[in-house]
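Below are my notes on the model you sent.

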Amino acid sequence: MTIEGKRFADVLRAVESECSGALMLEMILERAFHPGALDAMFKRTAERQYTRDLLFSTLVDLMLLVVMDKRNSVHRSYLSMRNELSVSVRAVYDKLAHTEAAVSEGLV
């Protein structure tokens with residue numbers, strides 16, 4: 001496969017060499033913030049919060065889009081994932097606003 005006269009593999013190598021740090025960081029974050037591990041930590045740590053329709057791992061995914069500068073706000077992040085979510089944007093903001101300190105500590 002070619003892209004404007006270049007093979008796809010060559011284009012991929014060029015991107016990797018120019019953005020290797022960002023690519024490595026993204027891969028590390030994906031592994032470090034595995035949904036199952038995040039949700040298990042939340043279940044162990046949360047005292048007042050609960051999971052009904054919005055998993056803690058989904059909230060982390062939304063926030064990672066903002067932190068990694070792929071979306072410029074939580075609302076835009078929500079909009080980009082709204083087809084995957086069964087909750088309102090208000091529910092996202094409420095869960096963020098009421099995240100317990102112990103859960104934040106557990107995440108770190």
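1. Helix α2 and its cover. The model is a predicted one. The buried residues of α2 are covered by elements that include α3, α5 and α6 (101–107). Those buried residues are L38, M41, F42 and T45. Viewed down the axis of α2, they fall within an arc of 100 degrees, so they line one face of the helix. K43 and R44, on the other side of α2, are exposed.

2. α2 against α3. The axes of these two helices, α2 and α3, come within 8 Å and cross at roughly 120 degrees. That angle makes α2 oblique to α3. The crossing in which α2 passes α3 is right-handed. On the α2 side the contact involves P35, L38, D39, M41 and F42, and on the α3 side F56, S57 and V60. L38, M41 and F42 are among the buried residues of α2, and they are also among the residues that meet α3.

3. The largest nonpolar core. This core has 20 residues, and F33, F56, V60, L62, L85, V92 and V103 touch the most other members. Two or more residues come from each of α2 (35–45), α3 (56–67) and α4 (74–81). The most is given by α3, with six residues. In soluble globular proteins, nonpolar side chains tend to be buried together.

4. T58. Is T58 buried or exposed? T58 is found in helix α3. With a relative accessible area of 16%, T58 falls under the 20% limit and therefore counts as buried. Leaving out residues up to four places away in sequence, T58 touches M81 and L85.

5. L85. L85 is one of the core residues that touch the most other members. With residues up to four places away in sequence not counted, L85 touches T58, L62 and Y78.

6. Helix α4. The buried residues in α4 are V74, S77, Y78 and M81. Seen down the axis of α4, they fall within an arc of 100 degrees, so they line one face of the helix. They pack against α3 and α5 (89–97).

7. α4 against α5. The axes of α4 and α5 come within 10 Å and cross at roughly 130 degrees. This makes α4 oblique to α5. The crossing is right-handed. The contact is made by V74, H75 and Y78 of α4 and by V89, V92, Y93 and L96 of α5. V92 is also listed among the core residues that touch the most other members.

8. V87. Where does V87 sit? V87 lies in the loop between α4 and α5. Its relative accessible area is 14%, and V87 is buried. Not counting residues up to four places away in sequence, V87 touches D53, L54, Y78 and V92.

Conventions
Residues are numbered from 1 along each chain as its sequence is written. This is a predicted model: local features need pLDDT of at least 70, side-chain atom pairs count only at pLDDT 80 or more; totals for chains, interfaces and linings use all residues. Side-chain values use heavy atoms; hydrogens and water are left out. A nonpolar core is a set of buried Ala, Val, Leu, Ile, Met, Phe, Trp, Tyr and Cys residues joined through side-chain atoms within 4.5 Å. Buried means under 20% relative accessible area, exposed over 50%, partly exposed in between (1.4 Å probe, protein chains only). Helices (H or I, at least four residues) and strands (E, at least two) are DSSP runs, numbered from the N terminus. Contact means heavy atoms within 4.5 Å. The arc is that of the directions from the helix axis to the C-beta atoms. Axes are lines fitted to C-alpha atoms, for helices over the stretch in contact, and angles run from 0 to 180 degrees between N-to-C directions. Angles under 35 degrees count as roughly parallel, over 145 as roughly antiparallel, 65 to 115 as roughly perpendicular and the rest as oblique. A crossing is left-handed if the near helix is turned anticlockwise from the far one by less than a right angle, and right-handed if clockwise.
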